[in-house]
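Dear colleague,

Please find below the structure that I am handing over to you, followed by an account of what was found in it.

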Amino acid sequence: MIVRTVRDVEDTEADIRTENWRSKRIILAREKAGFSVHETTLYAGTVNEFWYANHIEAVFVYEGEGEITDHATGETHSLGPGSLYLLDDHDKHQVRPRTDMRTVCVFNPPVTGGEVHDENGVYPLVTEEE
């Protein structure tokens with residue numbers, strides 16, 4: 001059993017910060033759970049381009065408001081507390097938080113924690129060494 005709090009990962013190598021967001025990676029590939037879990041805060045007024053070409057991601061919004069646009073369809077959806085979006089087709093998307101948006105994100109396959117978005121917003125597929 002693993003019991004861990006967000007505070008346990010704050011200011012460690014699992015606490016990733018950029019200009020647009022902060023991601024506290026609570027469960028990573030090294031735990032061998034088959035998924036990773038992150039608490040991510042997207043900052044108000046930012047524009048975030050993402051495309052998880054190698055991962056499926058589910059995002060649950062528990063605080064804040066914003067919008068997500070699916071680049072393939074052009075559809076825009078409002079996001080707020082209680083919203084969940086599932087990027088089940090490796091969807092290219094843009095997230096625009098109106099306020100700071102706090103989310104819980106689940107990735108499959110799990111991330112290792114060291115991934116960095118490339119110029120297309122893609123995480124490379126990195127696996128844990130056995």
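Please bear in mind that the model is a predicted one.

The side chain of Arg 96 meets that of Glu 67 in a salt bridge, with 2.8 Å from N to O. Arg 96 belongs to strand 9 (residues 92–97) and Glu 67 to strand 6, so the pair ties together parts that lie 29 residues apart in sequence. Glu 67 is likewise partly exposed, at a relative accessible area of 27%.

Another joins the side chains of Lys 24 and Glu 39, at 3.5 Å from N to O. Here, too, distant parts of the chain are linked: Lys 24 is in strand 2 (residues 21–27) and Glu 39 in strand 3 (residues 36–42), 15 residues apart. Lys 24 counts as buried at 10% relative accessibility, and Glu 39 is buried with a relative accessible area of 6%.

A further salt bridge is formed by the side chains of Glu 63 and Arg 102, at 3.9 Å from N to O. Glu 63 lies in strand 5 and Arg 102 in strand 10, and 39 residues separate them. Glu 63 is partly exposed at 38% relative accessibility, and Arg 102 is partly exposed with a relative accessible area of 28%. Glu 10, Lys 24, Glu 39, Glu 63 and Arg 102 are linked in a network of salt bridges.

I turn next to the surface. A nonpolar patch is formed there by Phe 35, Phe 60, Tyr 62, Leu 84, Leu 86, Val 104 and Val 106, which together have about 560 Å² of accessible area. At least two residues of the patch come from each of strand 5 (56–63), strand 8 and strand 10 (101–108). Tyr 62 is found in strand 5 and is partly exposed, with a relative accessible area of 30%.

Finally, the largest pocket holds about 170 Å³ of space. Strand 6 (66–70), strand 7 (76–79) and strand 8 (84–87) are the elements that give two or more residues to its lining. The largest share, four residues, comes from strand 8. By class, the lining has six nonpolar, three polar and three charged residues; among the lining residues are Asp 70, Glu 75, His 77 and His 93.

With kind regards

Conventions. Residues numbered from 1 in each chain as written. Predicted model: local features only at pLDDT ≥ 70, side-chain atom pairs only at ≥ 80, totals over all residues. Heavy atoms only, no water. 1 Å grid on protein atoms, 1.4 Å probe; cavity = no way out; pocket = protein on both sides within 12 Å on 5 of 7 lines; lining within 4 Å. Points joined across faces, edges and corners; volume = space filled by probe spheres on them. Nonpolar A, V, L, I, M, F, W, Y, C, P; charged D, E, K, R; others polar. Patch = residues over 30% accessible without salt bridge, like charges linked within 9 Å, V, L, I, M, F, W, Y side chains within 5 Å. Areas by Shrake-Rupley, 256 points an atom, 1.4 Å probe, with all protein chains shown as cover. Salt bridge = Lys/Arg side-chain N within 4 Å of Asp/Glu carboxyl O. Buried < 20%, exposed > 50% of the residue type's maximum accessible area, 1.4 Å probe, protein only.
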